[in-house]
Amino acid sequence: MEKETITCACGHVNPYGTKLCEKCGRPLTEEEKNTKVVDMRYDGKAIRSKTYNRSVVDKVWNFFSSVKVGIALIIITLLAASVGTFLPQEFYVNVGTLGDKAAYYENTYGTIGKIYYALGLSDLYSSWWFQILVGMLGISIIVASIDRGIPLHKSLTNQRVKRHESFMKRQRIVAEGEVANSEQTLAAIEKEMKALKYNVRRDGDALLAEKNRFSRYGPYINHVGLIVFLVGVSLRVVPGMYVDESMLIREGETIEVMGMPGYFLENDKFILEMHENDEDGPSGEQVRQGVNVVAKNFQTNAKLYKQPEGALPGDTDNLELVKEYSIRVNHPLQHDGYSLYQMDYRLDELYTMTFDLVNKETEKSYGQLTVQLDNPAATYDLGNGSSVEILNYTPDFAGFKDGVPQTNLPVPDNPAFVFKMTTPDTPDGETSFVAIRNTLEPLGENQNMLKFVSATTRNSSGLTIHKDRTIPIIVVGGIIFMIGVAIGSYWNHRRVWVQATAEGKLLLAAHTNKNWFGIKKDLDIVINAAQLPAYVDQLDLNDSEEKQEGDEA
Amino acid sequence: MSLISLSGNLLFVAFLTYLIATLFFGGAVKNSHDKSEAAERHANKWGKIAIIITVIGFIANLGYFITRWMYTGHAPVSNMFEFTTTFGMFIVLAFIIMYFMYRAVVLGLIALPIAVLIIGYAAMFPTDVSPLVPSLQSNWLTIHVITAAFAQSILAISAVAGLVYLLKVVDVKKASKERTALESVMFFVVVVIGFVLVTLVFRGMGYEAQFTYVDKDEIQREITYNMPAIFGMNESAALTEDVMQPLIETPPIINAKKLTTVTWSLLVGTILYALLRLISRKRVSEMLQPFVKRANLELMDEIGYRSVLIGFPVFTLGALIFAMIWAQEAWGRYWGWDPKEVWALITWLFYAAFLHLRLSKGWEGRKSAWLALIGFAIMIFNLVVINLIIAGLHSYA
Amino acid sequence: MDKKKKRLITRTIILALLVVAIAYVVYSTATKDKTSVLQVGDQAPNFSLIDLEGNKHVLSDYEGQGVFLNFWGTWCKPCEKEMPYMNNQYAQYKDQGVEILAINIAQSDFEVQKFVDQYGLDFPVVIDKTKGVRNAYNIIGLPATILVSPEGKVTKIVTGELTEQQIGAMMESIKPQ
């Protein structure tokens with residue numbers, strides 16, 4: 001059985017684990033009694049985890065409550081994160097399937113790459129163990145803060161003005177000496193301390209001046225911020241909170257926005273601008289590396305449409321224009337929580353092809369036709385009794401199968417046509433197969449031919465669509481963290497205790513949680529004004545000696 | 001004089017001024033044997049002159065920054081040269097701030113040479129003005145980079161204080177792990193000097209050798225070495241005549257040009273270090289010891305801790321929060337596990353561990369000083385290795 | 001002792017909540033790729049598309065009939081192969097209350113018309129010009145066949161080529177009683 005309580009000489013009953021009596025400040029442990037300067041962390045209050053250690057739950061709790069464990073978790077996370085930067089992560093590798101990825105790592109980085117991939121290090125940050133590691137860090141932050149924050153808060157709000165001599169003499173900064181009139185001196189100190197914006201409390205011949213107590217809450221506030229942040233990040237997995245899609249859209253197309261049901265986007269134009277190779281062009285290292293042009297702007301002039309309320313997928317009647325916007329890098333189109341970012345592009349996809357129907361021998365033209373590759377017409381009337389009929393169209397010609405042209409993809413990378421050409425001279429029509437740099441006349445020699453005249457192309461724009469409903473939570477978490485870390489770092493809690501002792505001397509002790517330089521400056525002013533004896537910094541005396549290491553777990 | 005050459009001259013002036021200021025700081029802390037009041041006053045006078053010179057240098061440096069900004073039209077933090085120079089400038093600024101808080105002259109003796117070295121290192125990169133690709137055309141990026149560089153500079157001051165602390169406290173007469181570690185830090189500094197020297201020498205000679213090579217995607221490319229090739233790229237063949245042929249050929253995933261530079265720097269650095277040791281018959285850390293004799297350990301520890309306390313929130317804001325805002329704006333995701341981002345997080349986690357160790361485990365003095373040095377090493381690693389070797393979104397050049 | 005018990009309960013609750021939350025996140029991340037938006041048993045997303053003759057086809061109009069949805073493209077060889085099978089089975093099942101809707105993914109009317117003529121398809125062929133229906137059904141690979149029961153529920157999702165036998169069996173399964 002563990003001891004439940006410790007009774008101080010002053011009669012106050014303290015919980016087990018208390019280092020300094022809650023009431024008078026007398027050291028309670030042997031260790032504290034033997035040190036010159038007391039351990040003022042958490043103001044000597046018992047850390048809760050120290051108090052009970054019985055059930056499994058208590059053991060787990062105590063494990064996470066330990067700062068040592070917390071630091072270990074930070075270091076492990078740090079090391080694990082660094083391993084992930086050793087080779088590029090999978091999401092930066094531009095290959096399609098799982099098998100390709102494995103091959104990519106092996107081919108590019110040899111055996112090391114193979115092992116890296118096999119161990120799952122190539123997707124480290126979304127691995128289960130990394131998430132659990134961060135989760136444990138989260139538990140540690142919560143448990144440790146509860147265990148320390150609550151007792152500290154109690155101790156700070158129940159401070160007594162009068163402390164025991166042994167408490168005061170074991171502070172780092174101590175002054176002791178005779179004064180003519182202790183009452184007058186105390187009054188002088190009070191006045192000075194107030195001028196320095198300290199809160200001063202009196203209790204008979206004792207005085208406590210305190211400043212910036214709130215800064216002690218800084219660490220707990222920033223830990224709350226971190227937890228809010230982590231919660232925000234975690235909520236991403238909840239369906240509907242997070243959308244991350246991408247799409248490629250050609251100029252002139254109107255398609256539904258991926259991940260954004262009911263919305264359609266029309267790509268009016270994609271613009272790619274380069275820095276000219278003159279004075280604001282690339283120079284020096286870039287030129288040496290073979291970069292001749294540097295992109296200046298990627299832009300998609302887009303129109304966002306919305307279906308009327310209650311319309312069904314696929315129904316494009318009565319689309320209503322929501323927004324017209326030029327999407328550029330750093331300038332996404334934003335609507336209804338969604339953002340469309342400029343990410344990628346493809347240039348120069350064939351769009352239209354123009355042919356001239358001519359007599360092979362005389363080169364007499366019967367007229368021209370322009371085929372729009374994403375919407376070819378069945379026949380083109382050239383006037384004067386001439387016409388061209390498309391018998392077959394393959395956007396990405398890949399040879400014949402049973403005499404029929406085949407296509408690989410629906411994209412016009414290698415368009416091919418079977419035309420039937422009819423002119424007043426050839427009223428029965430002639431059939432011709434026309435592909436890029438290839439013309440066949442499958443049904444015998446023709447009189448006429450379709451001569452390629454020109455082509456136009458169009459560009460596609462690659463956009464990503466994001467929606468992240470967790471952003472507000474992340475923002476709140478970030479703000480709370482910054483507030484906490486700022487008040488914890490830029491303000492410090494300073495306390496000065498003064499009291500007249502039984503022997504008629506005046507005893508002064510001072511403590512700050514950080515920045516001793518600052519509190520000494522305050523003390524110099526007070527001591528000067530109130531004609532007090534000089535103070536000693538008890539840690540300055542043993543300059544070369546190392547301060548003893550804390551052994552609190 | 002055009003704006004850009006004015007800018008370059010101002011940087012050169014700043015560089016020289018910092019060197020001169022270093023000498024004055026040396027003078028201010030040197031009189032260690034004489035404890036008389038006259039000597040004290042003398043030291044104070046030297047210290048005062050030194051800080052005035054430093055401030056003048058900083059103003060020139062700031063002049064460089066502003067004129068370059070005016071010339072290029074964007075904040076001069078967009079390539080390796082510009083960013084590293086800014087980092088050096090901010091180290092001086094952080095030192096000046098700390099000086100006026102604590103009046104610790106000895107800090108200047110370490111902080112200024114570090115700033116000088118960093119600016120020297122920066123100048124080894126192409127200084128040409130380059131246009132910005134679209135993702136870098138963002139105000140948030142400017143805010144992010146400048147805040148992050150300033151935060152790192154404040155954190156660097158903690159390493160400066162830590163180094164002073166260790167130089168004073170580590171017994172260099174007695175063999176120990178600590179002595180070896182401290183001397184390794186000195187060796188690293190000499191290697192950086194070696195890098196600057198070897199780059200300057202070959203640049204002065206106008207050395208240039210072109211090679212063709214086959215990269216990892218099996219595409220033939222060309223590369224220009226500015227130093228004699230020790231390591232050759234994959235299947236490299238010389239295009240320039242009468243140049244040294246690579247001694248060793250490397251596989252395609254290794255950038256042999258960078259490896260060559262590193263090897264040359266190490267080579268020259270080691271020779272330089274050996275010469276220093278031979279001439280002085282002392283370790284470099286031992287040579288520096290007389291300068292830190294009068295340093296107040298308590299104060300160094302306080303400064304080391306204080307600069308982390310001041311720098312940590314700024315770092316959080318600049319290197320993480322502003323970076324997230326920019327990433328959200330440019331790519332629609334505030335965090336993408338890009339190597340540079342991860343290393344910013346690692347730096348942040350490290351300093352978080354530093355603070356917890358100090359607050360809860362009482363790691364002060366020596367241990368704290370070593371941690372500050374490790375923190376600085378992480379930042380330098382981030383600046384040098386991650387930028388130049390591990391390519392990511394932030395990769396310059 | 002009461003106080004201690006209370007503390008134990010508080011600690012247990014806090015730890016349990018945290019562990020459950022972490023487990024949920026890890027589990028969701030691990031299974032994210034496998035859960036498709038559409039699952040068997042879901043209500044089939046309604047849609048409205050136009051066929052080559054200009055007639056509007058709304059899925060909900062077919063309530064009471066089984067609907068055999070087939071997503072396809074002219075460039076997709078397996079799609080091409082199963083089309084005649086579908087046509088054969090359609091002849092048999094259309095009088096038994098099973099309808100086929102072949103949904104082409106955003107190709108030109110011309111290409112689709114040529115294809116339909118080539119194979120003499122009798123069932124309605126609609127074109128998903130804006131890819132909205134494809135998104136609603138989360139179709140990634142072609143061909144993809146989705147069976148919709150007379151009650152409008154998804155009863156089967158198949159990605160890949162089907163044999164004539166399979167097609168017959170599938171139509172049988174959605175025949176109204």
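Predicted model: local features only at pLDDT ≥ 70, side-chain atom pairs only at ≥ 80, totals over all residues.
**Entry 1: helix H3 of chain C**

I began with helix H3 of chain C, residues 109-119, and found C:Glu111, C:Val112, C:Phe115 and C:Val116 to be buried there. I then asked why these residues lie on the same side of H3(C). They do so because the arc they cover around the axis is only 130°.

**Entry 2: chain C as a whole**

I counted five helices and seven strands in chain C, and reading from the N terminus I noted the order α-β-β-β-α-β-α-β-α-β-β-α. The chain is divided into domain 1, residues 1-35, and domain 2, residues 48-173, and I found that the centres of these two domains, taken over C-alpha atoms, are separated by 47 Å.

I compared the radius of gyration of chain C, 23 Å, with the value near 16 Å that a compact globule of 177 residues would have. Along the principal axes, the C-alpha atoms of the chain fill a box of roughly 85 × 35 × 30 Å. I noted that 37% of the 177 residues of chain C count as buried, and that, among contacts in the chain with a separation of 6 or more, 75% are between residues 24 or more positions apart.

**Entry 3: where chain B touches chain A**

I turned to the contact between these chains, which takes 56 residues from chain A and 52 residues from chain B. On the side of chain B that touches chain A, the elements giving two or more residues are strand E2 (220-225), helix H9 (297-331) and helix H10 (339-361) of chain B. H9(B) provides the largest share of that side, with 14 residues. Sorting that side of chain B by class, I recorded 30 nonpolar, 11 polar and 11 charged residues.

**Entry 4: annotated regions of chain A**

I looked up chain A in UniProt, where an unreviewed entry places the feature "transmembrane region" at residues 69-87, 128-146, 220-242 and 471-491. I checked two of these spans against the model. Over residues 471-491 of chain A, the chain is 95% helix and 0% strand, and its end C-alpha atoms are 30 Å apart.

Technical notes
Residues numbered from 1 in each chain as written. Chains lettered and ligands numbered in written order. UniProt positions renumbered as here; feature names shortened; annotations may be inferred. Helix = DSSP H or I, 4+ residues; strand = E, 2+ residues; numbered from the N terminus. Buried ≥ 20, exposed ≤ 12 C-beta atoms within 10 Å, placed from the backbone. Arc of directions from axis to C-beta. Domains from an automatic or database assignment. Rg over C-alpha atoms; globule rule 2.2 N^0.38 Å. Contact = placed C-beta atoms within 7 Å. Nonpolar A, V, L, I, M, F, W, Y, C, P; charged D, E, K, R; others polar.
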